[in-house]
Amino acid sequence: MTSASIKSASGPARRAVVAAAGAAGLSVALTACGGSDDDASSSSDAAGTSGSTGSTGAASTGGGDNAAAGAALTKTADIPEGGGKVFESEKVVVTQPTAGTYKAFSAVCTHQGCAVKSIADGVINCPCHNSNFSITDGSVKSGPAQKSLPEVAIKVSGDSITLA
């Protein structure tokens with residue numbers, strides 16, 4: 001008798017299954033931090049002013065955002081002066097840099113596509129690689145991100161903030 005391995009012809013080899021599972025996991029991990037500094041979504045194409053509070057915004061370029069025009073986001077009282085709030089499901093961050101002035105930006109970091117998570121000390125923070133962006137204009141305050149957060153158009157009407 002020999003000690004040769006017996007391979008089943010009915011299914012893939014164990015190594016092939018393990019390799020495929022590893023490749024799938026790597027693909028998911030890379031997608032989560034996917035994107036690049038050259039994304040088309042980091043450009044803005046139109047600026048506008050709306051409402052009587054002096055709020056400004058730029059038209060969103062799409063870029064995979066889930067934000068839908070006309071969607072109610074929040075009340076003005078929920079956005080602290082000198083701070084802001086992240087709306088994860090809409091992928092939007094709304095800030096109030098000065099009293100009565102509201103801004104909105106994509107909540108997707110321009111470095112590698114992670115979601116920004118918090119606003120503190122006048123900056124929007126991305127936890128993945130510690131990029132920080134200005135609450136006033138979305139510009140990079142510290143990297144590794146090299147491009148500003150794209151502006152998202154909002155409308156302030158009374159005490160309500162909606163996507164424009």
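C109 is buried, because its relative accessibility is 4% (buried means under 20% relative accessible area, exposed over 50%, and partly exposed in between, using a 1.4 Å probe and protein chains only). The sulfur of C109 has its closest cysteine sulfur in C126, 3.8 Å away, which is too far for a bond. This is a predicted model, in which local features need pLDDT of at least 70, side-chain atom pairs count only at pLDDT 80 or more, and totals for chains, interfaces and linings use all residues. Residues are numbered from 1 along each chain as its sequence is written, and side-chain values use heavy atoms, with hydrogens and water left out.

**Cysteines**

- C126 is also worth a look: with 3% relative accessibility, C126 counts as buried.
- One disulfide turns up in a search of the whole structure (a disulfide is a pair of cysteine sulfur atoms within 2.5 Å).
- That disulfide joins C114 to C128, with an S to S distance of 2.3 Å.
- The two partners are 14 residues apart and link distant parts of the chain: C114 lies in the loop between strand 6 (101-106) and strand 7 (118-120), and C128 in the loop between strand 8 (123-125) and strand 9 (132-134).
- Strands here (E, at least two residues), like helices (H or I, at least four residues), are DSSP runs numbered from the N terminus.
- The disulfide is left-handed, because the torsion about the S-S bond of C114 and C128 is about -110 degrees.
- C114 is buried at 4% relative accessibility, whereas C128 is partly exposed at 34%.

**Salt bridge**

- Side chains of opposite charge can pair when their charged atoms come close.
- The whole structure holds one salt bridge (a side-chain nitrogen of Lys or Arg within 4 Å of a carboxyl oxygen of Asp or Glu).
- K75 and D159 form this salt bridge, and their closest N and O atoms are 4.0 Å apart.
- K75 sits in strand 3 (residues 72-75) and D159 in the loop between strand 11 (154-157) and strand 12 (160-163), so the pair links distant parts of the chain, 84 residues apart.

- Three strands form an open sheet in the order 3-12-11, with antiparallel pairing (two strands pair if DSSP finds at least two bridges between them).
- Strand 3 and strand 11 are at the edges with a single partner strand each, so one side of each has no neighbour in the sheet.
- Strand 3 and strand 12 run antiparallel and are joined by three bridges.
- In this pairing, A72 stands opposite T162 in strand 12.
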